[in-house]
Amino acid sequence: MAGKYPGKELYPHLFSPIRIGNIRLKNRIIAAPTSPSMMTTEGHFTPEMAAYLEEKALGGAAVVTYGEAIPHSATGKSHNKQLQLDKFGVRQGLAESTRRIHNAGGLANIQLSHGGMYGGLASVGGDVGTCEVAYGPSDMTMPAGEVKEMPKELIYEIIESYKKAAVLCKDVGYDMVQVHAAHGWLFNQFLSPLFNKRTDEFGGSLENRARFLMMTLDAVREGVGPRFPIELRMNGDDFQEGGLSLPDYVEVAKLVEDKVDMFNISCGNHEDPAMFCRTHPNSFFPRGVNVYLSAEIKKHVKKPVACVGSLNDPAQMEEIIASGQADMVEIGRALVADPYLPKKALCGRADDISPCLRCYECFGATGQLEMIKCSVNPTQGQQLQAKEPLAPAAEVKKVLVAGGGPAGMQAAITAAKRGHDVTLVEKAEKLGGNLYPAGSAFFKKDILLLCEVLKRRVDEAGVKVVLNTEVTPEYVREFAPDTLFVAIGSSELKPPIKGIDGDNVVMAIEAELHPEKLGKRVAVMGGGLVGAEAACSFAHEGKEVSIIEMKDDVALEVNSFYRGGLMPHVHESAKLYVKTKVKEITPDGVLVENADGEFLVEADTVVCALGFRAPYDAVDALCNEADDARIIGDCKNVAMIYQAMDAGYWAARAL
């Protein structure tokens with residue numbers, strides 16, 4: 001068995017089974033609760049949602065969890081589109097999803113949640129169709145509006161709704177339920193003395209503040225029976241002044257242990273942008289930054305404990321379980337990036353796992369697109385369209401891919417897997433393109449890992465690679481491809497600013513790759529994502545940094561989830577001059593102008609981060625030499641890694 005599955009020797013604890021109540025998990029990997037917006041406006045699952053969950057089971061997770069299902073939609077719906085368990089007709093989609101998960105070899109779990117005060121306030125997840133009244137533990141005024149103290153009769157009504165919801169979920173085939181008491185939602189609000197100022201039996205002492213949760217757990221148990229597994233997600237630390245910390249949550253765990261079958265320990269508050277990136281750790285945090293919370297809780301309870309926190313590496317997961325810090329790992333974004341992470345680890349192919357970049361494109365898409373997407377996974381959110389495996393080419397074509405960045409590599413990999421004869425030509429000495437400068441910052445190493453994964457896949461797919469060679473119209477003419485993929489990337493903008501050719505000016509890519517070329521004082525012209533992240537990197541290298549940006553603020557093009565975690569670091573790293581125009585670059589710095597007048601931003605080195613432009617003339621010249629030419633990546637339109645990977649995959653799949 002170990003020979004067939006090398007992962008059982010490499011990660012023996014991770015791939016050992018465990019029993020929770022009446023179910024047996026085949027390994028210790030749980031797909032953490034996620035709730036992308038692939039819902040109907042009536043609060044029902046769509047087929048796309050069922051397929052999204054199914055793929056995680058196909059990928060080898062022992063349990064697949066759907067997140068934030070609402071038992072009491074009249075008061076608890078905190079997102080614009082959310083699964084509502086008390087709505088007529090909801091059963092069909094639920095039953096379809098559980099069947100798909102089971103048929104794919106997994107167990108189905110569902111998280112029962114209530115937004116508390118955020119059910120009636122405009123929030124991170126919801127600003128449309130909020131509930132009529134925002135009910136919280138106590139009367140209070142929040143930035144988004146007034147909160148009313150939840151009446152006792154409503155508390156008991158919600159308790160009953162959790163019982164009914166749990167019974168429904170069991171009836172339609174779920175193998176377990178999770179009660180959500182973390183992240184600033186209802187039960188977390190009642191637990192927290194910051195929000196709970198009640199003087200009745202639901203306020204005051206910790207036991208009183210936990211009473212609502214404990215009564216709900218008892219009701220759920222009554223509904224599902226003694227052996228059906230109940231998981232509790234709770235914080236290990238609120239990380240809020242006036243909230244609960246780890247010692248408090250140790251006591252909460254002791255209070256409720258006899259009512260649950262396992263714990264899932266998270267942290268933070270979804271409605272605090274700076275805290276969101278700790279709950280779902282961004283790239284400034286080490287992977288596993290929150291595991292110490294589960295490790296401490298585990299010391300004080302006998303029930304199994306699961307940890308969370310941007311885990312991506314099976315070796316780290318193995319060490320966590322082997323060392324007793326947790327009994328199970330719950331993985332969210334890493335299974336969005338690569339749903340087959342468990343299966344790849346089991347088969348000894350961890351080096352082929354697509355790394356999560358922690359860019360929050362998955363979260364951003366829920367609002368932007370009302371679906372999910374992923375920078376490194378071109379089929380994410382499109383599972384139904386990608387349901388059929390890559391079809392062998394009906395006609396083997398001679399394919400030339402011009403450019404070895406992420407778009408070119410992904411196109412070459414996909415086309416070669418389909419059996420086409422693929423040659424990838426790159427003008428630099430190595431594949432990767434702008435992944436190298438993008439991954440050069442101390443907090444962006446996952447991008448370099450992605451680059452290595454793609455390079456291995458290029459090699460394994462049998463793609464012929466030609467380096468140190470630029471594809472010109474003459475090259476295309478001589479090569480005579482059946483299909484040409486143009487993926488030559490973009491060019492840095494160098495506007496005609498007086499002094500821009502001075503010795504003290506360095507282009508952004510060069511500065512990112514060679515920060516040693518920069519002086520002590522650095523002025524960055526351009527406050528887009530490149531300039532903002534570069535400023536953080538330069539400050540980390542000991543530079544004194546300024547950012548000059550014409551717009552109202554910096555990094556405005558970035559999704560709000562990533563930006564919320566990035567901006568505190570930008571403010572720590574650089575002095576910002578926004579609504580400011582560059583007039584001239586001098587040997588002493590940058591002459592600028594804004595509402596305060598004209599002044600000099602002093603600098604030893606000026607970094608030009610004023611954006612990129614697609615080289616349309618060069619693209620058209622190449623396309624003119626091929627009967628079938630397809631333009632992908634930044635040379636089509638300058639964008640993000642997501643657009644490059646997505647375009648490369650789907651263009652080659654359609655070949």
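Glu584 stands opposite Leu591 in strand β24, in a predicted model. The two residues belong to a pair of strands, β23 (residues 581-586) and β24 (residues 589-594), which run antiparallel to each other and are joined by five bridges. The link from β23 to β24 is a hairpin of two residues.

**The sheet from β19 to β22**

Parallel pairing is found in an open sheet of five strands, whose order is β19-β26-β20-β21-β22. At its edges stand β19 (505-507) and β22 (574-577), each of which pairs on one side only. From one strand to the next, the twist averages 25°. Within this sheet, strand β20 (residues 521-525) is paired with β21 in the parallel sense through five bridges, and Val524 faces Ile547 of β21 across that pairing. Two helices accompany these strands. Helix α21 (residues 529-540) lies across β20, β21, β22 and β26 (605-608), and runs at about 170° to β21. Helix α22 (residues 560-573) packs on the sheet as well, where it touches β21 and β22, with a direction that makes about 100° with that of β22.

Ser546 is placed in strand β21 (residues 544-548). Is Ser546 buried or exposed? Its relative accessibility is 10%, and because the limit for a buried residue is under 20%, Ser546 counts as buried. Leaving out residues up to four places away in sequence, Ser546 touches Val522, Ala523, Val524, Lys575, Tyr577 and Val601.

**The sheet from β16 to β28**

A further open sheet has five strands in the order β16-β15-β14-β17-β28, again with parallel pairing. Strands β16 (464-466) and β28 (629-631) have a single partner strand each, so one side of each is left without a neighbour in the sheet. Neighbouring strands here are turned by 20° against each other on average, with direction ignored. Strand β15 (residues 421-425) runs parallel to β16 and is joined to that strand by three bridges, with Leu424 standing opposite Val465 of β16. Helix α16 (residues 406-417) packs on this sheet through contacts with β14 (398-402), β15 and β17 (483-486), and its direction makes about 165° with that of β15.

**Asn208 and the cysteines**

Asn208 lies in helix α7 (residues 206-209) and counts as buried at 19% relative accessibility. A polar atom of the Asn208 side chain lies 3.1 Å from the backbone oxygen of Gly203. Apart from neighbours within four places in sequence, Asn208 is in contact with Asp200, Glu201, Phe202 and Gly203.

How many disulfides does the structure hold? The number is zero. Cys356 is in no disulfide, and the nearest cysteine sulfur, which belongs to Cys362, is 6.4 Å away. Cys356 is buried at a relative accessible area of 9%, whereas Cys347 is partly exposed at 32%.

The accessibility values for the individual residues are set out below.

| Residue | Relative accessible area | Class |
|---|---|---|
| Ser546 | 10% | buried |
| Asn208 | 19% | buried |
| Cys356 | 9% | buried |
| Cys347 | 32% | partly exposed |

Conventions
Residues are numbered from 1 along each chain as its sequence is written. This is a predicted model: local features need pLDDT of at least 70, side-chain atom pairs count only at pLDDT 80 or more; totals for chains, interfaces and linings use all residues. Side-chain values use heavy atoms; hydrogens and water are left out. Helices (H or I, at least four residues) and strands (E, at least two) are DSSP runs, numbered from the N terminus. Buried means under 20% relative accessible area, exposed over 50%, partly exposed in between (1.4 Å probe, protein chains only). Contact means heavy atoms within 4.5 Å. Two strands pair if DSSP finds at least two bridges between them. Axes are lines fitted to C-alpha atoms, for helices over the stretch in contact, and angles run from 0 to 180 degrees between N-to-C directions. A polar contact is a pair of N or O atoms within 3.5 Å; within protein, one must be able to donate a hydrogen and the other to accept it, and residues adjacent in sequence count only if both atoms are side-chain atoms. A disulfide is a pair of cysteine sulfur atoms within 2.5 Å.
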